[in-house]
Amino acid sequence: MEKKLRVGILGATGMVGQRFISLLEGHPWFEVVTVAASPRSAGKTYEEAVGDRWKMKKPMPEGVKKLIVHNVNEVEEVASTVDFVFSAVDMSKEEIRAIEDAYAKTETPVVSNNSAHRWTPDVPMVIPEVNPEHFEVIEAQKKRLGTTRGFVAVKPNCSIQSYAPVLTAWMDFEPTEVVATTYQAISGAGKTFKDWPEMVENIIPYIGGEEEKSEQEPLRIWGKVCDGKIEKASAPVITTQCIRVPVLDGHTAAVFVNFKKKPTKEQLIEKLVNYRGLPQELELPSAPKQFIQYLEEDNRPQVALDVDYENGMGISVGRLREDSLYDFKFIGLSHNTVRGAAGGAILCAETLAAQKYIQAK
């Protein structure tokens with residue numbers, strides 16, 4: 001890329017907004033030039049607006065500390081300063097849909113971490129290694145919005161990243177039934193242990209809306225583009241339970257799967273370690289070189305040892321074995337705020353930039 005694209009972050013003061021800022025420090029293609037948040041943060045420097053709520057392990061990048069926070073609702077003003085935006089706003093779904101569409105209509109592409117547009121028929125919901133072809137629906141979306149370069153694209157829910165890519169690698173064997181229980185980190189709720197002392201030495205067997213997302217979103221990812229919209233796949237049938245556990249970062253999944261074509265364990269492992277997608281072919285800046293790793297040890301993957309695999313952008317799999325009721329079972333692990341949130345959105349933006357959907361204004 002000859003010149004860095006100018007990036008704005010909507011909802012920049014929240015945990016996912018902070019993760020965007022942390023991951024984009026020193027990015028070879030993108031430069032954060034604008035931060036926007038709620039009216040109560042507007043007019044302050046970013047450093048002042050965040051105050052003692054900086055939740056990343058790395059210090060706040062010097063380059064953003066003195067940026068003046070814009071009011072996220074002043075759409076035209078924010079849009080005039082950037083080539084595209086990442087959206088991590090904390091609003092109702094109706095408000096999120098409205099504001100993301102408003103930014104798109106200023107001819108500003110929106111790459112969203114939010115769930116509000118995930119089921120809008122002409123909005124692509126993409127894991128770049130899995131379904132980058134879904135970006136094709138952007139052309140139909142632009143016609144609906146009346147834009148030439150503005151659109152909305154989203155990344156899927158963090159909970160599915162630890163098993164949906166694994167099942168994608170195994171599609172040749174036609175998975176028919178999947179049972180998944182996810183053990184989800186507290187950062188998925190935008191929290192740390194300091195914010196949420198009730199989670200210390202505790203699990204909560206309920207995360208609102210998460211099971212529906214975990215069962216349905218993989219089917220949309222595996223769907224097809226048809227007449228300018230995404231039609232979701234009909235199989236495999238997925239049932240899930242989602243549990244909040246006392247871990248800061250990292251979603252773990254325990255998964256059981258039946259196949260139409262019965263594979264061997266060796267065939268399944270070979271498919272995992274050889275799985276590559278468009279980001280690996282294009283050597284995108286945030287793409288993991290090895291997307292999925294298989295760990296032979298009985299006690300892996302572990303959050304403490306494996307959550308940062310490939311800078312948090314890779315998926316770790318272990319304990320693959322035959323089962324008495326299902327064909328196979330395995331454990332998957334992904335970093336929920338990197339691959340599952342900001343990092344996944346950044347990789348989407350890199351893919352969109354490589355394919356010229358996002359360009360300098």
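Which residues lie nearest the centre of the largest pocket? I started there and found Val 16, Ala 88, Val 89, Asp 90 and Asn 114, out of 45 lining residues.

**Ground rules.** I'm working with a predicted model, where local features need pLDDT of at least 70, side-chain atom pairs count only at pLDDT 80 or more, and totals for chains, interfaces and linings use all residues. Residues are numbered from 1 along each chain as its sequence is written, and side-chain values use heavy atoms, with hydrogens and water left out.

**Largest pocket.** I noted its space as about 1200 Å³. A pocket here is an open set of points on a 1 Å grid over the protein atoms alone, where a 1.4 Å probe fits, with protein on both sides within 12 Å along at least five of seven lines; lining residues have an atom within 4 Å of a point. The volume is the space filled by probe spheres set on the points, which are joined across faces, edges and corners. I sorted the lining by class and got 13 nonpolar, 21 polar and 11 charged residues. (Ala, Val, Leu, Ile, Met, Phe, Trp, Tyr, Cys and Pro count as nonpolar, Asp, Glu, Lys and Arg as charged, and the others, Gly among them, as polar.) H1 (15-24) gives the most to this lining, with four residues. Helices are DSSP runs (H or I) of at least four residues and strands (E) of at least two, numbered from the N terminus.

I looked up UniProt next: an unreviewed entry lists Cys 158 and His 251 as "active site". Such annotations may be inferred rather than shown by experiment; positions follow the numbering used here, and feature names are shortened. The two are spread over 94 residues of sequence, yet they cluster in space, with a largest C-alpha distance of 7.8 Å. Both Cys 158 and His 251 are in the lining of the largest pocket.

**Cys 158.** I found Cys 158 in the loop between strand E6 (152-154) and helix H7 (164-169). Is Cys 158 buried or exposed? Cys 158 is buried, because its relative accessible area is 12% (buried is under 20%, exposed over 50%, partly exposed in between, with a 1.4 Å probe and protein chains only). Leaving out residues up to four places away in sequence, Cys 158 touches Glu 210, His 251, Ser 334, Asn 336 and Gly 340. Contact means heavy atoms within 4.5 Å.

**His 251.** I placed His 251 in strand E11 (residues 251-259). His 251 is buried too, at 0% relative accessible area. A polar atom of its side chain lies 2.9 Å from the backbone nitrogen of Ala 185.

How values were computed. A polar contact is a pair of N or O atoms within 3.5 Å; within protein, one must be able to donate a hydrogen and the other to accept it, and residues adjacent in sequence count only if both atoms are side-chain atoms.
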